[in-house]
Amino acid sequence: MRKQITLLAAGLSLMLPIAAQNDSVYNTVTGRAYPIVTIGTQTWTAENIADSVYDTRSEAYGDTIFNYIKSGKNNGGVAPYYYDGRHATAKTDKNMNDSLRNRLGLTYNWAAIMGYTSAVASNKTAEESGYRQGICPNGYHVPKQAEINTLLAYIEQQHTLLMDSLGWYKVSGNNYFGFGLLPAGYYFQDSRQFIDIGKSTRLFLATPDKSNDASAYIFAIAADTTKQTTAITLDSRSKRSTATCRCIKNPSTPTAQAAITDNTTLYADKGRILCNDEFRIYDLLGRDVTDENGSLRGIYIVKTATATTKIIVP
């Protein structure tokens, strides 16, 4: 079934198709399957990661992720560890059942999600130039902040479209895309408590805090149970605490050449868009980035005098 949503960018009204998929991706070591969903040009895992073993192509394949409860060897929360909070209890878990709890996945500290050693995680302040697979299945990677921004721009910041319609306490989403974010909560290492199950969810991102080597960025949705509203957060949090993980598919090598009309052709390569006609370039937030041509990377909207199209710049 194909759906459409209107995205307004730089005054342009574009009808972008959304194809919900029933396919799955697998961790080839454990055999665990994760459903996937495509939203715009991005393909995501539609459930939180629940593996404690890195897949075969991961940078950390063969390394150990400690179970926080069983091992107690988490080096102050910095060494890679996971915390299984799927059966935690709280006053906000009234709408959680066993089926939903099984979809919550594990929560991990940042080192475990990224597949870093404690030493690397502790000192990391620069984002990787490429993609980091970490705990993700082969062919997928831990999303960067820019990729979350692309997702939010595509859905026009309507974060409830990403939330599951079940499991949340006094609020709910409509799960329009099948992304199915559930309120998994997180382990707060400083207080040694697992909190907010039924009330909030956090996803660690691959983007560390440049100004604080103890923190990395998260994408979070939290409920205000008094006002019965929800809000999103894109901010840095302690690498020692835990969050869930969603993974995004590695981009395939794009078709370098795209014809807009019979007489107009686009070409994208190594950060630059070339065209045999006059054109302007916009990012997915509608900002004119034509002057940045030559250092581009990602998905852009190109407008000529006669047509508008999207192109991926490798």
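## Lining of the largest pocket

The residues that line the largest pocket comprise 15 nonpolar, ten polar and eight charged residues. The structure described here is a predicted model. The lining is made up of 33 residues, and those that lie nearest the centre of the pocket are Glu147, Thr150, Arg297, Gly298 and Ile299. Several elements give two or more residues to this lining: β5 (42–45), α5 (145–154), β15 (248–249), β20 (298–304) and β21 (308–313). The largest share, five residues, comes from α5. The space in the largest pocket amounts to about 1,100 Å³.

## The second largest pocket

The second largest pocket holds about 160 Å³ of space. Its lining consists of Thr125, Ala126, Glu127, Gln145, Ala146, Thr207, Pro208, Asp209, Lys210 and Tyr217. By class, these residues divide into four nonpolar, three polar and three charged.

Helix α5 contributes here as well: α5 and β12 (200–208) each supply at least two residues of the lining of the second largest pocket.

## A sheet of three strands

Strands β6, β7 and β8 form an open sheet in that order, with mixed pairing. At the edges stand β6 (66–67) and β8 (107–108), each of which pairs on one side only. In general, the strands of a sheet pair through backbone hydrogen bonds, in either a parallel or an antiparallel sense.

The pairing of β7 (residues 81–83) with β8 is antiparallel and extends over two bridges. Tyrosine 83 is placed opposite threonine 107 of β8.

## Salt bridges

Nine salt bridges are found in the whole structure. One of them joins the side chains of arginine 103 and aspartate 164, with an N to O distance of 2.7 Å. This pair links distant parts of the chain, 61 residues apart: arginine 103 lies in the loop between α2 (98–101) and β8, and aspartate 164 in the loop between α5 and β10 (186–188). Arginine 103 has a relative accessibility of 24% and therefore counts as partly exposed. Aspartate 164 counts as buried because its relative accessibility is 4%, which is under the 20% cut-off.

Another salt bridge is formed by arginine 280 and aspartate 288, whose closest N and O atoms are 3.1 Å apart. Arginine 280 is partly exposed at 38% relative accessibility, and aspartate 288 is partly exposed with a relative accessible area of 38%. Arginine 287 and aspartate 283 also form a salt bridge, their closest N and O atoms being 2.7 Å apart. Aspartate 283 has a relative accessible area of 9% and so is buried.

Technical notes. Residues are numbered from 1 along each chain as its sequence is written. This is a predicted model: local features need pLDDT of at least 70, side-chain atom pairs count only at pLDDT 80 or more; totals for chains, interfaces and linings use all residues. Side-chain values use heavy atoms; hydrogens and water are left out. On a 1 Å grid over the protein atoms alone, a cavity is a set of points where a 1.4 Å probe fits but cannot get out, and a pocket is an open set with protein on both sides within 12 Å along at least five of seven lines; lining residues have an atom within 4 Å of a point. Grid points are joined across faces, edges and corners, and a volume is the space filled by probe spheres set on the points. Helices (H or I, at least four residues) and strands (E, at least two) are DSSP runs, numbered from the N terminus. Ala, Val, Leu, Ile, Met, Phe, Trp, Tyr, Cys and Pro count as nonpolar, Asp, Glu, Lys and Arg as charged, and the others, Gly among them, as polar. Two strands pair if DSSP finds at least two bridges between them. A salt bridge is a side-chain nitrogen of Lys or Arg within 4 Å of a carboxyl oxygen of Asp or Glu. Buried means under 20% relative accessible area, exposed over 50%, partly exposed in between (1.4 Å probe, protein chains only).
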